[in-house]
Amino acid sequence: MVVILASIMLTWWAMQAFRFDVFLREPRSFRARVLQLIVAVVIGYNLARFLMDYTHFASLLRWVL
């Protein structure tokens, strides 16, 4: 759970550098912020799953070698 929350927070922080105003009509509206939050959660969750899967499969390598 900590890894997922940290990944979502990291993604939210990194997305602050992205210019949403180019793609959205009203970039400071509530709907635009909700969209940004949803995108951050989706990307952050996938990043966390990747990190957890990577560490899991890397720990299994010692049984193969």
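A residue is called buried under 20% relative accessible area, exposed over 50% and partly exposed in between, using a 1.4 Å probe and protein chains only. By that scale Arg19 is exposed, with a relative accessible area of 53%. Keep this scale in mind as we walk through the structure together.

The model is predicted, so local features need pLDDT of at least 70 and side-chain atom pairs count only at pLDDT 80 or more, while totals for chains, interfaces and linings use all residues. Residues are numbered from 1 along each chain as its sequence is written, and side-chain values use heavy atoms, with hydrogens and water left out.

Let us begin with the whole chain. It has two helices and zero strands; here helices (H or I, at least four residues) and strands (E, at least two) are DSSP runs, numbered from the N terminus. Along the principal axes, the C-alpha atoms fill a box of roughly 55 × 20 × 15 Å. The radius of gyration of the chain is 16 Å, whereas a compact globule of 65 residues would have one near 11 Å. That radius is taken over C-alpha atoms, and the globule rule is 2.2 Å times the number of residues to the power 0.38.

Of the 65 residues, 17% are buried. The chain exposes about 5700 Å², and carbon and sulfur atoms supply 72% of this area; accessible areas come from the Shrake-Rupley method with a 1.4 Å probe, and for residues only the protein chains shown count as cover. Now look at contacts, meaning heavy atoms within 4.5 Å. Among contacts with a separation of 6 or more, 70% join residues 24 or more positions apart.

Gln36 counts as buried because its relative accessibility is 5%. Apart from neighbours within four places in sequence, Gln36 touches Trp12, Met15, Gln16 and Phe20.

Rings of Phe, Tyr and Trp (its six-membered ring) pair if their centres lie within 6.5 Å; planes under 30 degrees apart count as stacked, over 60 as edge-to-face and the rest as tilted. By this rule there are three aromatic pairs. One of them, Phe18 with Phe23, is stacked, at 5.8 Å centre to centre and 5° between the planes. Phe18 is partly exposed at 46% relative accessibility, and Phe23 is exposed at 61%.

Next come the charged side chains. A salt bridge is a side-chain nitrogen of Lys or Arg within 4 Å of a carboxyl oxygen of Asp or Glu, and the structure holds two. In one, Arg19 meets Asp21 at 3.3 Å, N to O; Asp21 is partly exposed at 39% relative accessibility. In the other, the closest N and O atoms of Arg49 and Asp53 are 3.2 Å apart. Arg49 and Asp53 are separated by about one helical turn because they are four residues apart in helix H2. Arg49 is partly exposed at 32% relative accessibility, and Asp53 is partly exposed at 31%.

Phe30, Val34, Ile38, Val42 and Ile43 make a nonpolar patch of about 470 Å². Patches are made of residues with over 30% relative accessible area and no salt bridge, with like charges joined within 9 Å and nonpolar side chains (Val, Leu, Ile, Met, Phe, Trp, Tyr) within 5 Å. Ile38 lies in helix H2 and is partly exposed at 48% relative accessibility.
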